[in-house]
Amino acid sequence: MSFFQQITTRSQSINSLLCIGLDPHLKELNLPSTSTTEEERSEAAYQFCLNIISSTHPHAVCYKPNAAFFEALGVNLGCKTLKRVIDAVPEGIPVLLDVKRGDIGSTAAAYAEACYDDGCGLGADGVTLSPLMGWDSVEPFVTGKYSNKGAFILCKTSNPGSNDLLALPLQTNNNEKLFEKIAKLANDWSQKAADSDGQSTTSSSASPRIGLVVGATDPQALTLARASAGQSTWILAPGVGAQGGDLDAACRAGLNDVGSGLLIPVSRGISRAADMGAEAKKLKEGINAARDAVLLQRLRQNDAPPQDTAASIAPYQTEFLKFSLAEGVLKFGSFVLKSGRTSPYFFNAGLFSNGSALYKLGKSYAAAIMASELVDKNGKVTFDVVFGPAYKGISLGALVCASLYSDFNIETGFAYNRKEAKDHGEGGILVGASMVNKRVLIVDDVITAGTAIRESHTMLSTIEGARPVGVAIALDRAEKRSLEDPLSAVQAVARDLDIPVLQEYLRLSPEYDEDVLKVVTEYRSRYGV
């Protein structure tokens, strides 16, 4: 798994955008005021970092040790202490080594070896680099034997002096600034890296290799950098807290469309706290709250209700609603849900229980998929395998594959899982098409809390190169998870897992009588998103 795949997977699995810095300032090590030996300084620095890691690891997407503070410990033990700290980070949590290297040729290659190699080097997963010497200074860190590593390049840093160079306008038609050009280069260089290793950045196993460092202290620059870099680039945004950066503004400016792609690094705000674990949890939750507020604001801006409800429903959606009503799958009345809410409608996909209903259900799924963003400009789907999570997803996945082929001549693989591992025959819990290095569409009936989809996502992350690219469901109730939580389960899944969710829509129809319309409207005004 590549560095940025590790970042993405870790961020999703713990629902966090927090990067924790490991900066053992000598004045924070509680050393005696008299002179100390290198051994004493190094051991104090190691214990300082170890305490942070042991207290905060449930909330950290990654750890970012700053090499300078370790080098300052002494020429004999400084780097050894840094290696000890990196080795102490729990497995599954990537380490971003903050070194800001910038050189070319054999010097850059030697720097890369020193940062990455497990034997003679430090064993880091990613680094920070200065890009001002060009691609030559970045290439050795993200290609060849280090193609699974990653680099955050300095784009628009958080210090005021960054304006001296990084904010200078270039002689281009639109007078873009130097940092905007650097942001664009992140994608160009990721492509160069993939090309040099014989990969394509659009392949199922590829991921970006370059991220950006953009200070949270300059939200305008952060906005421009995000626009220049696009949606898939990760941005490290230092400066929140001690340097005066505003968290809400940073999230508004730096998050991508699904509320991801942004890491907020914090060092002193955690290391100086009386309870570092509690402070890390508080910071994580604060970042998440800021992120959710941004997503809610965007939803309100972009999701204005259609003027003509009937006209806004696609033919396949109308057909889906009609046969759902005819089969009794969709009912109106008064129903107490598992959440305790009393709903005026209820959807039970288990009642699609005969041949004609299943035939129509498969056709509706296929039509929704082919009308979605998972189809390229040539009419080809951008996934290789349909995965149906046990139990309902198994039959749904089979229906979808068959309907895609019969209606659109689209051939895809089909796979599913067992709830219990099989210890004979082919064994294991996965059945069907291989998902190694494949793009995967997950199919299910509804998303209530998102648990099944998250479990599927976690399962797929254990398969080499498997990449979930979307989720297709039959119904989105489009309801808040609670009155205090502005997002629906579907929106939370799309945000946390960074994948689109396709669904049929339960909309108000002019065919419903006035009493139904009134009750549903009142319910939606209270619980709808």
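Modeller: A residue is called buried under 20% relative accessible area, exposed over 50% and partly exposed in between, with a 1.4 Å probe and protein chains only. This is a predicted model, in which local features need pLDDT of at least 70 and side-chain atom pairs count only at pLDDT 80 or more, while totals for chains, interfaces and linings use all residues. Side-chain values use heavy atoms, without hydrogens and water, and residues are numbered from 1 along each chain as its sequence is written.

Colleague: Why is Cys251 called buried?

Modeller: Its relative accessible area is 1%, and the limit is under 20%; Cys251 is therefore buried. Cys115, at 3%, is buried as well.

Colleague: What makes a set of residues a nonpolar core, and which members of the largest one touch the most others?

Modeller: Such a core consists of buried Ala, Val, Leu, Ile, Met, Phe, Trp, Tyr and Cys residues joined through side-chain atoms within 4.5 Å. The largest has 87 residues, and Leu97, Val127, Phe141, Phe152, Leu212 and Leu263 touch the most other members. Apart from it lies another core of 31 residues, including Val329 and Phe383.

Colleague: Which residues does Leu212 contact beyond its neighbours within four places in sequence?

Modeller: With contact taken as heavy atoms within 4.5 Å, its partners include Phe152, Ile182, Ala225 and Trp234.
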